[in-house]
Amino acid sequence: MMPQALKDAVLTALVAFGLFAPMVGLRTDVGPSGALVLRQRWGDVAILVGLAFAGRLALLAWRAARGEPRPQSTARAEAIRRAGRLVAPLLLAVAVLLPFMPGTGRYELDLGILVLTYVMLGWGLNIVVGLAGLLDLGYVAFYAVGAYSYALLATTFGLSFWVCLPLAGILAAFWGILLGFPVLRLRGDYLAIVTLAFGEIIRIVLLNWVSLTNGPNGVSGIPRPTFFGLTFSAGGGPGSFADFFGLEPSPSHRVIFLYYLILALALITNVISIRLRRQPLGRAWEALREDEIACRALGINITTTKLTAFALGAMFAGIAGSFFATRQGFISPESFTFIESAIILAIVVLGGMGSQIGIAIAALVMIGGFEVFRDLDEWRMLVFGLVMVMIMVLRPRGLVGHRTPSVALGERRMISAEHVAEGHG
Amino acid sequence: MLRVDAVSTGYGAVQALRDVSIEVAQGEIVTLVGANGAGKSTLLMTICGDPRARTGQVVFEGRDITRLPTHEIMRLGLAQVPEGRRVFPRMSVLENLLMGAQVAGHDPAPLLHQVFALFPRLQERQTQRGGTLSGGEQQMLAIGRALMSKPRLLLLDEPSLGLAPLIVRQIFAAIRELNEKEGLTVLLVEQNANQALRLAHRGYVLVNGRITLRGAGRELLAMPEVRDAYLGGGH
Ligand SMILES: Nc1ncnc2c1ncn2[C@@H]1O[C@H](COP(=O)(O)OP(=O)(O)O)[C@@H](O)[C@H]1O
Ligand SMILES: [Mg+2]
């Protein structure tokens with residue numbers, strides 16, 4: 001056993017060396033004379049290789065100590081299930097009360113807004129990827145369409161945020177359908193490639209259509225949202241939120257308002273997703289994910305099923321996008337790169353493909369984690385990658401891997417991924 | 001009830017059916033036997049409009065359905081149990097069954113009752129995921145799911161595929177029961193010619209996309225060509 005584990009760990013260390021030697025060991029810096037100089041960092045490489053070696057040994061030792069994986073006892077599964085039912089209300093309560101909790105400042109609220117934006121995007125993409133099973137790598141395109149829709153409508157025509165919000169959703173949905181048509185016959189990797197290209201095309205158009213979008217300089221001076229016509233101007237004054245309610249003018253009002261706005265938008269996304277899942281349309285999405293040919297045989301209209309999934313997913317991204325624009329006051333194509341699509345997709349996959357609460361937790365862990373490890377600078381990506389790999393090793397079906405049937409006779413029973421393995425034949 | 005009239009079709013340059021004509025009358029069980037690759041599945045799929053017939057006509061209950069889109073054809077009162085069962089693996093048995101009733105839009109409760117009466121196994125396992133059922137149970141589920149749309153004509157594509165003889169007998173008994181008690185018309189496609197032709201009122205033999213023989217089920221079974229080609233020596 002032991003020599004085998006050692007051999008394994010040495011191999012891991014070798015692979016780590018092969019990876020880290022060029023990536024970490026050699027670094028080009030701008031030298032004093034302005035020329036590039038090559039800096040060597042073999043010490044760091046040694047630490048990383050050592051970590052990989054030790055980590056592999058520890059993993060093997062842990063596996064050996066744990067022995068054969070035991071099937072979970074039903075009592076334990078039951079306990080987990082009961083605890084799981086508490087997680088959602090608990091998270092919701094924390095989310096609602098966050099602005100008034102002691103210790104919550106501007107920074108915490110901004111982070112909360114960011115997390116909630118990704119929760120909403122995750123729930124939106126979940127309709128496309130998690131429910132309908134259509135792998136979309138260009139989701140950020142719809143986020144961009146929503147953001148630019150609001151920014152341009154507001155700055156050009158002076159339309160208010162509340163008018164633009166649904167418009168942005170509709171426009172994004174329209175683009176979702178536009179993307180949907182050419183990819184109707186595609187599945188899996190082919191679909192992924194086309195959606196990826198679509199995301200890039202939208203970004204490049206935004207970048208190059210300077211007369212409309214102001215190109216790489218972006219759109220600035222995007223109006224901030226109002227509360228039923230009341231502004232959140234810092235100085236208070238007539239017609240402002242603070243004045244109307246007789247409050248001391250404070251910049252935190254706007255932040256709190258934005259926080260509740262995105263919380264409400266995210267919750268609406270959630271409620272609509274949950275509702276739809278129990279409707280014929282939602283069931284058709286799930287059936288489509290499971291087996292397209294069977295869907296055809298059952299008389300499900302594949303075209304409308306796919307297009308509605310694309311349109312609805314895109315609509316929520318568009319709404320989130322216009323929220324993003326109003327919050328930032330400034331947008332540029334830089335905010336809508338592929339990495340955004342990748343992060344949103346990672347949230348959906350890590351969350352367990354189709355699980356609403358899993359996606360919320362995954363967004364919290366990933367976006368929150370990004371912030372917590374901000375000090376790590378360039379190591380952040382490494383830590384991020386490691387966490388993702390670990391989650392996928394420990395919970396291959398995502399954080400919440402079970403799927404609750406949308407219908408049951410009598411008591412709703414959960415079919416957990418741990419209990420029943422996929423059968424064949 | 002169903003008339004396939006001189007239908008030819010294929011995939012791209014591949015010609016899968018040539019001038020195929022078959023007929024299924026109300027209340028019949030009609031079996032179509034043919035070797036692997038003869039075009040059996042293609043024929044059932046063409047009836048459902050996917051792939052579409054290149055020439056010829058498909059008429060269901062007096063209505064020309066040759067050019068209708070698949071999802072509309074499937075609402076007219078025919079249902080298909082596709083080859084390889086294709087149950088929804090992550091959905092529960094109950095959800096699978098309800099998917100069958102969804103498009104028809106009627107109350108699923110009485111049909112659910114009927115399916116559970118026909119296959120009590122499905123009732124026992126209604127909360128289990130489709131993908132974790134045994135092969136025989138999956139076949140029952142696939143048939144049950146098709147029945148949930150309350151079809152008058154059931155198209156069955158190789159229901160015996162990969163199943164133990166005992167299970168095959170159960171499945172075939174269920175088909176006969178549906179036909180006799182509920183008056184369901186059945187078009188059954190099989191490689192397993194022996195039992196399938198025994199079950200059938202009439203049968204067709206499909207070779208390389210052409211119908212070569214037709215007749216009463218037991219008549220076909222007695223023909224030396226059929227015996228040699230589809231029953232092997234061992235039966
Ligand atoms: N999707 C497809 N694309 C191309 N050729 C196909 C396709 N499906 C079936 N074929 C071809 O059509 C012929 C008939 O196939 P099929 O109807 O599946 O036969 P059977 O069901 O009798 O085994 C075969 O030659 C097969 O290779
Ligand atoms: Mg076949």
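## The A–B interface and the features around it

The area buried between chain A and chain B is about 3,000 Å², and carbon and sulfur atoms give 58% of it. Buried area here is the accessible area (1.4 Å probe) that two parts lose on being put together, summed over both. This is a predicted model, in which local features need pLDDT of at least 70 and side-chain atom pairs count only at pLDDT 80 or more, while totals for chains, interfaces and linings use all residues. Residues are numbered from 1 along each chain as its sequence is written, chains are lettered from A and ligands numbered from 1 in the order in which they are written, and side-chain values use heavy atoms, with hydrogens and water left out.

**The interface.** On the side of chain A, 36 residues are in contact with 32 residues of chain B; contact means heavy atoms within 4.5 Å. Six residue pairs, both at pLDDT 80 or more, are in polar contact between chain A and chain B. A polar contact is a pair of N or O atoms within 3.5 Å; within protein, one must be able to donate a hydrogen and the other to accept it, and residues adjacent in sequence count only if both atoms are side-chain atoms. The elements of chain A that give two or more residues to the side touching chain B are α11 (280-290) and α12 (292-297). Of these, α11(A) gives the largest share, eight residues. Helices (H or I, at least four residues) and strands (E, at least two) are DSSP runs, numbered from the N terminus. By class, this side of chain A has 18 nonpolar, seven polar and eleven charged residues. Ala, Val, Leu, Ile, Met, Phe, Trp, Tyr, Cys and Pro count as nonpolar, Asp, Glu, Lys and Arg as charged, and the others, Gly among them, as polar.

Nine of the eleven residues of α11(A) are buried, among them A:Trp285 and A:Leu288. Buried means under 20% relative accessible area, exposed over 50%, and partly exposed in between (1.4 Å probe, protein chains only). The buried residues of α11(A) pack against α4 (106-131), α10 (252-278), α12 and α13 (302-328) of chain A, together with α3 of chain B.

**Salt bridges and B:Arg86.** There are three salt bridges between chain A and chain B, a salt bridge being a side-chain nitrogen of Lys or Arg within 4 Å of a carboxyl oxygen of Asp or Glu. B:Arg86 forms a salt bridge with A:Asp291, with the closest N and O atoms 3.0 Å apart. B:Arg86 is in the loop between β6 and α3 of chain B.

**The magnesium ion.** The protein donors of the magnesium ion (ligand 2) are B:Ser41 (OG) and B:Glu83 (OE), 2.0 to 2.5 Å from it. B:Ser41 lies in helix α1 (residues 40-47) of chain B and B:Glu83 in the loop between β6 (78-81) and α3 (93-102), so the pair ties together parts 42 residues apart in sequence. Donors are N, O and S atoms within 2.8 Å of the metal (3.2 Å for Na, K and Ca); water is not among the atoms, so sites may look incomplete.

| Residue | Relative accessible area | Class |
|---|---|---|
| B:Gln80 | 3% | buried |
| B:Arg86 | 29% | partly exposed |
| B:Glu83 | 33% | partly exposed |
| B:Lys150 | 54% | exposed |

B:Gln80 is in strand β6 of chain B.
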